[in-house]
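Have your viewer ready, try each task, and then compare with the worked solution.

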There are 2 protein chains.
Amino acid sequence: MSLVVVGSVAYDGVETPHGKVDRMLGGACTYISLAASYFTQVKIVGIVGDDFAQEDSDLLASREIDLAGLERVPGKTFFWAGVYSQDMNDRTTLTTDLNVFANFDPKLPEHYRNQPYAFLGNIQPALQHSVRRQMNGVRLLGGDTMNFWINDFRAELLETIRHWDFLLINDSEARLLSGVNHLGQAAEKIMAMGPKSLIIKRGEYGAMLFHSQGYFAVPGYLLEQVFDPTGAGDCFAGGFMGYLAGEGVDPGKGPIDAKILGRAVVYGSVMGSFCCERFGVERFRTLTRKEIDRRFEEFRTFTSF
Amino acid sequence: MSLVVVGSVAYDGVETPHGKVDRMLGGACTYISLAASYFTQVKIVGIVGDDFAQEDSDLLASREIDLAGLERVPGKTFFWAGVYSQDMNDRTTLTTDLNVFANFDPKLPEHYRNQPYAFLGNIQPALQHSVRRQMNGVRLLGGDTMNFWINDFRAELLETIRHWDFLLINDSEARLLSGVNHLGQAAEKIMAMGPKSLIIKRGEYGAMLFHSQGYFAVPGYLLEQVFDPTGAGDCFAGGFMGYLAGEGVDPGKGPIDAKILGRAVVYGSVMGSFCCERFGVERFRTLTRKEIDRRFEEFRTFTSF
């Protein structure tokens, strides 16, 4: 009973007001998997070059993440570099070298195909669709997307998200996809496109979840210091889907309890907040489930009235 | 056991994407008082001209607001006009005619002076200070301010807020007053200036309350449609202080329970949300306490996990 995660595995160069790292492990699939691994068994689908370091494989393996679906091919691993603004609300991309990722065509190992949970990280919608088609037994499916696919691959994207249980995007993406400014109305329009629930990530302002019966909202966690927001949205997704998978949620047996969905959003928020505390994936080298649950309880304390 | 409210009583001209009203009852004192009147008895301190309409007095009186401190002098009532941007996150002031408000020098009627609760709306800090000095028995004191006083009347403002239990401002004002960007650190610096608690209003993103033991946060209410955000922050203040006054909170008898403070923030949010549903003060012509409590329970539902 594993969560299959597809997306980019990459090296990142990141500069924030707190420092600069020229090259470190990154990529949506990496962040989602690490975050989800605290809640459920994870199986990766991705592609890396022959420069992918053993210590980076080892980090993933240390979280018991199944790497059978991580294809290794000659060439270089996807490389992205960017610099954050002083307040870290904006970032500028400096380099995007797709490298081996340009020819990514996800093929799932046999033992991935009957898993019940999948999260489709932000890649070409047709590739997301291909992963779903390879998973006959999938019972709960979430995914992410971005402005580029919404603008330039709209038809493919709409065909892909039609079958999803959860779409996780940020507020500007929700407005772009729906064409309306009001988040509640945007959510209605998007859910009419197929996704049963829409989760809107709002950065420091928290997150919202819309479903057929209503909505849930949680404010953001007030971190002492945001070192590096790279990967925070992906860690949110990993915490959210990982928690639901860990709880054995099965919508085939009836609608998912609203309280479970709310808790999944809070666990997503918890994982996103931890991600920001160090550069890249550093925080996951020491993070424990006990710390996660302690922060979950902090959320209860600062939101209860 | 009343809440004394000081601030502007005005006429407003407002244009939003949903319509335009050339002249309607407005002013911080008006909004704060109307919102607070659902929780406690309110006594107004303000000034109006001889153009102040009987029907507007009647509206305030219909909420059992004491108008003994509403001075009437020859001349025109304060007039403000502004236009909101398409998404209503920005507004441009078109007209500010202080009129009789230019010579406002609040003098409290005798029966106001021994009241335990006061809220000092956004006026010149020295005038706020003067009101406090006239209230010997005040036990719980909150107030608002704005960029103009923070920038140009800083010394007076610091002298004034030194004695407050609650300072209610928005996030940009908190950053301006403290000189730091991080809201938690901003709150620490501001509380070191005197106010025991800082409440940060974040518009559609909700509100936060900081106190010596920690913080509380609530997301914003998702309105079907925002007709006119004018007065929403003041209605927040009215709901917040009105609820605390109605509960008979007395910090002289020990620290205020964190849950009570959280509920006050939620009642503030509820009142701010109702305010936006119609132009100006229109919503308060029909609003009932039952509707308020129903929305308070809605907040519980969409924030519980």
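This is a predicted model: local features need pLDDT of at least 70, side-chain atom pairs count only at pLDDT 80 or more; totals for chains, interfaces and linings use all residues.

Residues are numbered from 1 along each chain as its sequence is written, while chains are lettered from A and ligands numbered from 1 in the order in which they are written.

**Exercise 1. Find the confidence values of chain A and of the complex.**

Then take the complex, to which the predictor gives an ipTM of 0.93 and a pTM of 0.95.

**Exercise 2. Work out how chain A and chain B are related.**

First, superpose the copies (by least squares on the C-alpha atoms of residues with pLDDT of at least 70 in both). A rotation of 180° with 0.0 Å of shift along its axis brings chain A onto chain B, with an RMSD of 0.0 Å. The two copies are therefore related as by a two-fold rotation axis. Next, look along chain A: the C-alpha nearest the axis belongs to Pro219(A), 2.7 Å from it.

**Exercise 3. Describe the side of chain A that touches chain B.**

Begin with the contact (C-beta atoms, placed from the backbone, within 7 Å), which takes 21 residues from chain A and 21 residues from chain B. On chain A, at least two residues each come from α7 (183-191), β13 (214-218), α9 (258-275) and α10 (289-303); helices (H or I, at least four residues) and strands (E, at least two) are DSSP runs, numbered from the N terminus. The largest share, five residues, comes from β13(A). Finally, compare the copies: 100% of the contact residues of chain A recur in chain B.

**Exercise 4. Trace the open sheet of four strands in chain B.**

Read off the order first: β3-β2-β6-β7, with mixed pairing (two strands pair if DSSP finds at least two bridges between them). Now check the edges: β3 (19-26) and β7 (91-97) of chain B each have a single partner strand, so one side of each is left without a neighbour in the sheet. As a landmark, Glu15(B) stands opposite Val83(B) in β6(B).

Note on methods. Two residues are in contact if their C-beta atoms, placed from the backbone, lie within 7 Å. pLDDT is the predictor's confidence in each residue, from 0 to 100.
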